[in-house]
Amino acid sequence: MVLAIMVFASPASAAMRFQERSLYMLSTEPGVTTSYTVSFQYMSQLSVGSVDLLFCDDPIPYHPCATPPGMSVANAELTEQAGETGFSITQKSTNHLVMSRPLQMVTANTPSSYTFTNIKNPTNNDISFSIRLRSHASQNATGPQIDFGSVKGQTQTGITIQTQVPPMLIFCLAQEVEYNCTGTNDIYYSNMGELSPNSTLTARSQMAVGTNASGGFAITANGGSVSAGTSVIDGSPVPIESRPGTNQFGLNLVANANPVVGENPEGEYANAVASPDYSIPDKYKFVDGDVVAFSPNVSLMKKYTVSYILNSRADLPPGVYSTTINYIASGRF
Amino acid sequence: MKRLTSIIFAALAVVVLGAAYAMPALSAHAVSSSAALSITPKKSYNVTPGRGISDNLTIRNIDSERPLELNLRVVDFTYTDDGGTPKLMLDEDAPQTTWSLKPFLSVPQSVVIQPNQSKTVELNLSVPANQGAGSYYSAIVYSSGASDGGNVGLSASGVTLVFASVAGDVNEDLQLKQFGAYNSETRKYKFINTTPPKNVAYTLKNNGNVTEAPVGAITIKHMFGKEQRIDNVNPNQSLALIGQERTFSACIKLATAQVDFNGNRTEAKTCDNPGLWPGYYSLSLDLFYGQNGNRTQEITGAGGFWYLPWWFIFVFSIAVIVIAYYITKTYRTIQAKLYGGKPKRKSRRR
C-alpha cells in the first residue's frame with residue numbers, strides 16, 4: 001500500500017516543465033524600453049500563488065544568473081494577462097519579477113500569457129538572453145517549485161552602434177603583399193614561362209587576411225581550368241605531387257621542396273589556417289570553389305603565399321595557356 | 001608644302017597606330033584598381049513585412065596608392081558542409097533559392113574608393129506586406145577587376161552575408177544528430193581519445209524554415225564525479241541554415257584574450273588545454289532555441305567519451321600485469337600451503 005502510494009504520488013508532486021513557452025518582444029532594438037509578452041502552459045494541476053521570472057543571460061535554471069548587460073525590469077508593469085489570471089507584481093528589481101495572487105488551483109494545460117511594459121532591452125546587439133520561470137504555491141515565490149522552464153529572447157538591429165567596433169574583414173591580394181595589407185606590388189598576374197613536358201612551371205601569389213568578426217572568415221579559390229582555346233589542363237581534384245609530362249595544374253599554401261616554391265603562412269595567430277588539402281608540402285590541388293584558408297573565429301592578420309604548378313604532356317597543342325583565379329574572402333555564419 | 005603635310009600626317013598616323021597596338025599590351029598586364037579592401041562580413045536584420053530598412057555598408061580601400069574599383073552584385077548562398085562556410089551561387093543563371101533576399105535587397109552596382117579612404121554604400125531592404133515569416137539570406141559580392149595578363153590572372157572579392165528575419169509564426173525544427181568529444185582539426189567526433197579533447201560538439205539538423213542559433217549548456221562529468229560545465233555552447237552565435245546539418249563546437253576550457261586588430265581592441269577566443277584526467281566522461285546537453293514570439297523549444301541529449309592517454313594505457317597495462325602476477329603468485333602459495341605443493345587431484349570412485 002505504502003509502495004503504491006509512493007509510486008503513484010511521486011510523479012504528481014515532481015516539478016514539470018511549462019509547455020508552449022514563448023517570449024514576444026515588441027521591439028528587439030538593443031537598449032530600448034518596450035513590452036514583453038511571456039506565454040506558457042501550466043502543467044501541474046496544483047494551486048499556484050506566485051510565478052517567479054528571473055532575467056539571465058543563460059536559460060539553465062541551476063546555473064548562476066548573470067543579468068544581461070543593460071537590461072532592466074525594475075520599472076515593469078503587468079498590463080495584460082490571460083488564462084490563469086489574478087496576478088499582480090509584488091517584487092521587482094533589475095532582473096527579477098515576482099507576480100503573485102491569492103492561492104488558486106490552476107487548470108492544467110491552460111495557455112496563459114502575461115504582458116509587461118516598461119522593460120528595457122539588453123544593450124548588446126545580437127546576443128540572446130533568457131527568462132527563467134518558476135511557479136510556486138507560496139505567494140512570495142519561495143518554497144518548492146511546481147513548474148519551471150525558460151524562454152529565450154534576442155536583441156537585434158541592422159543599424160551599427162557607433163560606440164562599438166564594427167566587425168570587419170580585411171583582405172588583399174597581389175603577386176606580393178604586405179603582411180597587414182598596407183601595400184602590394186600591384187601585379188595581379190603570374191607569367192610561368194614556356195610549357196615543357198620535361199619540367200614544371202611554377203608561380204606564386206600572396207594574400208593577407210584578418211577579421212575581428214566572431215564567426216571568422218573563409219577564402220575560396222574560384223576559377224576554371226588552365227586553357228588555350230579548346231585545349232585544357234585540368235586542376236588536380238586531389239592533392240598529388242608534381243608530375244612533369246602529364247597535364248596538371250594545382251596550388252597549395254605552404255613551402256615546397258619539389259619544385260622549390262612557396263612559403264608557409266606568416267602570422268603568429270593560430271586560429272587562421274590553410275585548408276588541410278592545400279597545406280601538404282609538395283602536394284597540389286585545385287578544385288573550383290574550394291576553401292583554401294579559413295578561421296573559425298577572430299583572427300589577426302595572416303599572410304598566405306599561394307604556389308602554383310603547371311605541367312604538360314608532350315602532345316599538348318601549342319597556345320597561350322591561362323586562367324584567372326578569383327579569391328573570395330567572406331565572413332562565416 | 002603638300003609633301004610636308006603628307007609627311008606630318010604619315011608620321012602622326014604611325015604614332016597613333018603604334019600607340020593603338022602598344023596600349024592593349026600594356027593594359028593587359030596592368031590593373032588600374034587596388035585589390036586591398038575592408039568590408040563588413042555579416043549583417044543581420046529583423047524585418048516587418050511591408051516596411052523597409054535602409055542601412056549603410058562601409059567599404060575601405062586599404063591600398064595607399066591605387067583607387068579601389070568594385071562591382072557589387074547580390075548572389076544567393078547555401079552551406080558548404082556542416083560548418084559555417086557559405087557556398088556562393090556565383091553563376092549568373094543560378095536558380096533563385098527559396099530563402100533568397102535578392103528580390104528584396106538593393107545595393108549600388110559599382111563603387112570607386114580613393115586610396116586610404118572609406119565609403120559608405122546604401123543597402124535597402126524592402127519586404128512586401130504579404131511575405132511569409134521566416135529567414136531570408138543572400139550575399140553581397142564586391143569584386144575588383146580581373147587581370148588579363150600572364151598564365152594565372154588574379155582577382156580579389158569580398159563578401160558580406162546578409163540575413164533578414166521576417167517576423168511571424170515560423171516553422172522551427174532542430175533535431176539532434178550527434179553529440180560528443182570533437183577534434184576541430186580533423187572535424188570528426190572521437191569516442192576514444194589518446195590526447196585530451198579540447199572541444200565538445202553537437203550536430204543539429206535544421207528542418208525548419210528559419211536559421212537557428214541555439215543557446216544552452218553542456219555538463220561534463222568524470223567517472224569519479226568531478227564535474228565541469230560549458231556555459232556558452234554557441235559562443236560565436238553560429239547559425240544552422242535552412243536544411244543544414246550543422247556542427248556547433250564549444251571549447252571545454254575557453255581562453256579569451258584582448259588583441260589589437262587594426263587599431264581596435266577585440267576579444268579573441270581560443271580553446272585551452274582542459275586539463276582532463278584519464279577516464280570516462282559522461283556528457284549532457286541542454287539546448288534552447290526559438291524566434292521572437294514563437295515557442296521556445298528545448299533539446300536535451302546525452303553522450304560520453306574516453307580519454308586514455310598512451311602513458312595511462314602503458315601504466316595501466318603494467319599495473320594489470322603486476323597485479324595478475326601477484327594474484328597468480330598468491331594463489332600458488334596458498335595452493336602449496338594447502339596441498340603441499342601439488343594441487344589436489346580429484347579421486348574417482350568406482
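This is a predicted model: local features need pLDDT of at least 70, side-chain atom pairs count only at pLDDT 80 or more; totals for chains, interfaces and linings use all residues.

Biologist: What span does helix α2 of chain B have, and what span is expected?

Modeller: Helix α2 (residues 310–339) of chain B has 30 residues. From its first C-alpha to its last it reaches 43 Å, close to the 44 Å expected at 1.5 Å a residue. After α2(B) comes G340(B), with a positive phi near 65°.

Biologist: What makes you say that α2(B) is hardly covered?

Modeller: A residue is buried if 20 or more other C-beta atoms lie within 10 Å of its own. Among the 30 residues of α2(B), the count of buried residues is zero, so the helix is hardly covered.

Biologist: And why is T220(A) called buried?

Modeller: T220(A) has 25 other C-beta atoms within 10 Å. The cut-off is 20 or more, so T220(A) is buried. Its place is in strand β14 (residues 217–222) of chain A.

Biologist: Which residues are in contact with T220(A), leaving aside its neighbours within four places in sequence?

Modeller: They are G289(A), D290(A), V291(A), V292(A) and I328(A). Take V291(A): T220(A) and V291(A) are 71 residues apart in sequence, yet 4.2 Å apart in space, C-alpha to C-alpha.

Biologist: How much of chain B counts as buried?

Modeller: The figure is 37% of the 350 residues of chain B. Chain B holds two helices and 22 strands. As for its contacts with a separation of 6 or more, 70% come from residues 24 or more positions apart.

Biologist: What makes a group of residues a nonpolar core?

Modeller: The members must be buried, belong to a set of nonpolar residue types, and be joined through C-beta atoms within 7 Å. The largest such core has 117 residues, and C172(A), I219(A) and A164(B) touch the most other members. Strand β11(B) gives the most to this core, with nine residues. Apart from it lies another core of 31 residues, among them L23(A), V48(A), V51(A) and L97(A). As background, nonpolar side chains in soluble globular proteins tend to be buried together.

Biologist: Which residues does C172(A) touch, not counting those up to four places away in sequence?

Modeller: In chain A, C172(A) touches V177(A), C181(A), T184(A), M207(A) and A208(A). In chain B, C172(A) touches A35(B), A36(B), I62(B) and A156(B).

Biologist: How many residues does each chain bring to the contact between them?

Modeller: Chain A brings 75 residues and chain B brings 67. On the chain A side, strand β23 (residues 323–331) supplies the largest share, nine residues. That side divides into 38 nonpolar, 30 polar and seven charged residues.

Biologist: How do you know that β11 of chain A and β1 of chain B pair?

Modeller: Two strands pair if there are at least two bridges between them. Strand β11 (residues 169–174) of chain A and strand β1 (residues 36–39) of chain B have four bridges, so they pair, in the antiparallel sense. One example is F171(A), whose bridge partner in β1(B) is L37(B).

Biologist: Why are β13 and β18 of chain B said to stand at the edges of their sheet?

Modeller: That open sheet has four strands in the order β13-β12-β15-β18 (chain B), with antiparallel pairing. β13 (188–189) and β18 (245–251) each have a single partner strand, so one side of each is left without a neighbour in the sheet. Strand β15 (residues 199–206) of chain B pairs with β18(B) over seven bridges, and N199(B) stands opposite C251(B) in β18(B).

Biologist: Last one: where do the domains of chain B lie?

Modeller: The domain assignment gives domain 1 (37–166), domain 2 (174–307) and domain 3 (309–344). The centres of domain 1 and domain 2 of chain B are 30 Å apart, taken over C-alpha atoms. Ten residues of domain 1 of chain B are in contact with twelve residues of domain 2 of chain B. For chain A, the assignment gives domain 1 (15–154) and domain 2 (169–331), with 55 Å between their centres.

How values were computed: Residues are numbered from 1 along each chain as its sequence is written. Chains are lettered from A and ligands numbered from 1 in the order in which they are written. Two residues are in contact if their C-beta atoms, placed from the backbone, lie within 7 Å. Ala, Val, Leu, Ile, Met, Phe, Trp, Tyr, Cys and Pro count as nonpolar, Asp, Glu, Lys and Arg as charged, and the others, Gly among them, as polar. A residue is buried if 20 or more other C-beta atoms lie within 10 Å of its own, exposed if 12 or fewer, and partly exposed in between; C-beta atoms are placed from the backbone. Domain bounds come from an automatic or database domain assignment. The expected span of a helix is 1.5 Å times one less than its number of residues.
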